Amino acid sequence: MMKKLSATTILIMMVTLLISCNKYLESDQLFKDRMTLDKSFNNVDYIEEWLANSYSYLTDVNADVASKGYEPFNFSDDIYYGDRDKDYDIKEASQLSYNQFNLGNYHEGDKQDSWSECYKGIRSASIFIHNIDQSTVIDDAQKADYKAQARFVRAYYYWLLLRKYGPIPIIPDEGADYTKSYAELALPRSSYDACAEYIGREMVLAAKDLPQSRGQLAIARPTKGAALATRAKAFLYAASPLINGGKGSMDYKQELVDDQGNPLLSVTYEEQKWARAAAAAKDVMQLGVYDLYVAPYRSSGTITHPPTITPPYNPEYSNKPWPDGWSNIDPFESYRALFDGELSASENPELIFTRGKNQSSEGINVMVVHQLPRIASGWNTHGMTLKQCDAYYMNDGTDAPGKDMEYGRGNGSQRLGGYVTEQDVADGRYKPLAAGVSLQFANREPRFYASVAFNGSVWDLTNESEERNREQQVFYYRGSGNGYTNTMFWLRTGIGIKKYVNPQDTYENGDLNKVVPKYEPAIRYADILLEYAEALNELNGSYSIASWDSAQIYTISRSVDEMQKGIRPVRIRAGLPDFSQAVYSSSTQLRKAIKRERQIELMGEQERYYDLRRWEDAANELALPIYGYNVLMTANQRDLFHQPVAAFALQSTFASKMYFWPISIEELRRDSRLTQNPGWQTYNN
């Protein structure tokens with residue numbers, strides 16, 4: 001009779017095969033693991049420690065939103081980092097410059113490698129799942145919750161791997177013949193669809209026993225919504241062109257195969273995948289737990305929290321309260337407070353999943369330090385591209401004059417000339433602009449002012465010890481103190497980033513405690529709403545799909561009313577009118593509009609990097625030169641400063657090998673059935 005190990009033991013062996021530095025698993029270590037399991041799951045403290053260990057690998061390189069040391073994926077064609085543009089040793093990939101990252105000039109063993117960390121987490125969570133039921137020291141309800149948490153964590157690791165590396169090996173739960181060699185136990189990569197299906201099934205199992213919400217002290221623990229939202233994201237990616245029969249990457253798809261030559265990405269299109277993604281997003285919406293956060297209208301205020309700037313009059317929205325209009329909300333503060341630490345996680349109804357405040361040594365607080373100007377002792381090196389700056393709408397929902405003219409795809413209009421005068425400020429025109437600011441930045445949508453540190457914007461810096469350093473208007477002209485210098489401390493495009501910055505934030509005396517802690521927005525409800533509309537827009541037929549718990553059957557089709565449920569709230573919260581019926585009637589126009597909405601709404605949340613790839617837009621968008629303002633010009637040459645030029649310090653390109661991150665050579669050596677992503681080196685070449 002064939003001898004079998006327990007599911008737990010084979011999990012230990014298989015995951016160790018993938019992550020161990022040793023060629024063989026030593027039997028005494030296996031014995032130690034077994035003894036540890038017997039003790040750990042009959043001790044409350046040990047149970048908590050084991051579960052905490054399963055969570056522990058979700059930080060650092062496995063964060064969703066963090067600074068570039070761990071997550072350069074936060075930076076794409078929308079925002080950049082400029083403080084690592086020296087030619088660092090390519091072997092020291094933790095020092096990747098933006099140009100190296102953007103040009104694909106990294107290698108198969110760099111320090112962005114999160115493969116082993118994910119599989120360590122998978123191993124820990126799997127052992128927990130297979131042993132918690134034996135515990136006699138906690139009740140059944142707590143067992144169910146703990147087990148569901150571990151199941152979520154395990155599936156989330158798989159999601160992080162899938163998004164970054166593409167198809168990956170799925171560790172089987174069942175036992176295996178322990179008499180086989182390691183070569184025979186080696187695991188191939190599963191197809192992308194199989195991986196997404198697995199994540200979807202596991203997240204449903206987790207959702208059944210996860211609560212609808214958790215208290216402030218457990219805010220980083222998953223809920224039912226977090227499981228279903230992750231499932232929705234996995235299904236959306238599986239429906240997208242890169243995975244679902246898109247033509248732009250056909251050569252790549254034919255090269256991305258398992259060890260038997262089977263394609264790992266679908267080469268045929270299946271529309272039903274979009275319907276499944278829409279239904280999964282609807283599952284989250286139907287929970288009735290989440291909503292977009294809105295701040296109340298202010299008739300009066302302070303310098304840091306000014307009176308509401310009312311959007312231009314619109315007969316459909318101006319006189320109606322939220323959610324049908326914006327008469328009683330402050331669109332600017334509604335967006336800013338989501339990211340600047342002003343809002344606690346428990347007060348934020350659209351925060352679906354977070355790792356908490358400032359995770360890791362490269363957390364959001366570190367991003368802010370690199371966004372702050374020199375007057376606040378900031379690095380002044382994280383900036384925004386002109387493409388992203390132009391993507392924001394005017395406050396009436398029209399395009400900014402001159403948008404995309406550098407790429408030959410604008411409407412032919414010219415950028416605005418002129419500047420805000422002292423009289424304009426006195427008369428209340430062009431709020432919130434100060435004198436001397438280019439009219440290119442006037443009358444823009446509220447998310448623009450919450451996100452963009454344009455030339456001449458005011459930084460509050462209320463926590464600066466000296467009053468003269470507070471409420472500072474910062475210009476990026478050469479010689480201004482924050483403009484071009486011979487050091488690293490300057491913005492390569494002359495455009496900074498305000499998103500995540502709190503009015504109190506400063507880095508005075510290098511004190512990180514002077515940066516207000518922020519909750520990581522790993523998954524937001526706005527993302528799910530836009531995903532719902534995106535998926536519906538791709539449908540021609542009608543589909544009947546069961547809800548996640550099979551309690552009801554959804555009819556999923558391209559319905560304008562349903563798509564508006566995903567788009568209208570995001571637009572109205574931003575103080576913008578919904579798209580016209582002409583846009584909704586055209587799937588091509590609406591697709592373009594949704595992509596732009598995601599670019600704006602989710603900027604700096606690691607979505608853009610992956611969106612461009614799954615849409616197969618990366619080959620076009622990332623091959624374009626990066627534009628900014630002419631940072632070599634002084635204040636006396638301000639007209640020339642505001643004339644867009646290619647940013648000489650920033651480079652960009654796209655090669656098909658950059659669709660997915662390379663698997664390290666060591667991992668390929670450990671698993672003889674593992675295949676490399678196309679374009680990257682394998683251990684035998």
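Residues are termed buried when their relative accessible area is under 20%. The structure shown in these views is a predicted model.

**View 1. Helix 20 and its buried residues.** Helix 20 comprises residues 587-601, 15 residues in total. From the first C-alpha to the last, helix 20 reaches 20 Å, close to the 21 Å expected at 1.5 Å a residue. The buried residues of this helix are Leu 590, Ala 593, Ile 594, Lys 595, Arg 596, Glu 597, Arg 598, Gln 599, Ile 600 and Glu 601.

View 2. Leu 624 lies in the loop that joins helix 22 (618-621) to strand 13 (627-628). With a relative accessible area of 21%, Leu 624 is partly exposed, because the buried class is limited to values under 20%. Apart from neighbours within four places in sequence, the residues in contact with Leu 624 are Lys 387, Tyr 407, Arg 409 and Ser 652. Trp 379 is 245 residues from Leu 624 in sequence, and their C-alpha atoms are 27 Å apart in space.

**View 3. Cys 118 and Cys 195.** The structure holds 0 disulfides. Cys 118 is accordingly in no disulfide, and the nearest cysteine sulfur, 12 Å away, belongs to Cys 195. For Cys 195, the closest cysteine sulfur is in Cys 118; the distance of 12 Å is too far for a bond, because a disulfide requires the two sulfur atoms to be within 2.5 Å. Cys 118 counts as buried at 0% relative accessibility, and Cys 195 counts as buried at 1%.

Conventions:
Residues numbered from 1 in each chain as written. Predicted model: local features only at pLDDT ≥ 70, side-chain atom pairs only at ≥ 80, totals over all residues. Heavy atoms only, no water. Helix = DSSP H or I, 4+ residues; strand = E, 2+ residues; numbered from the N terminus. Buried < 20%, exposed > 50% of the residue type's maximum accessible area, 1.4 Å probe, protein only. Contact = heavy atoms within 4.5 Å. Expected span 1.5 Å × (residues − 1).
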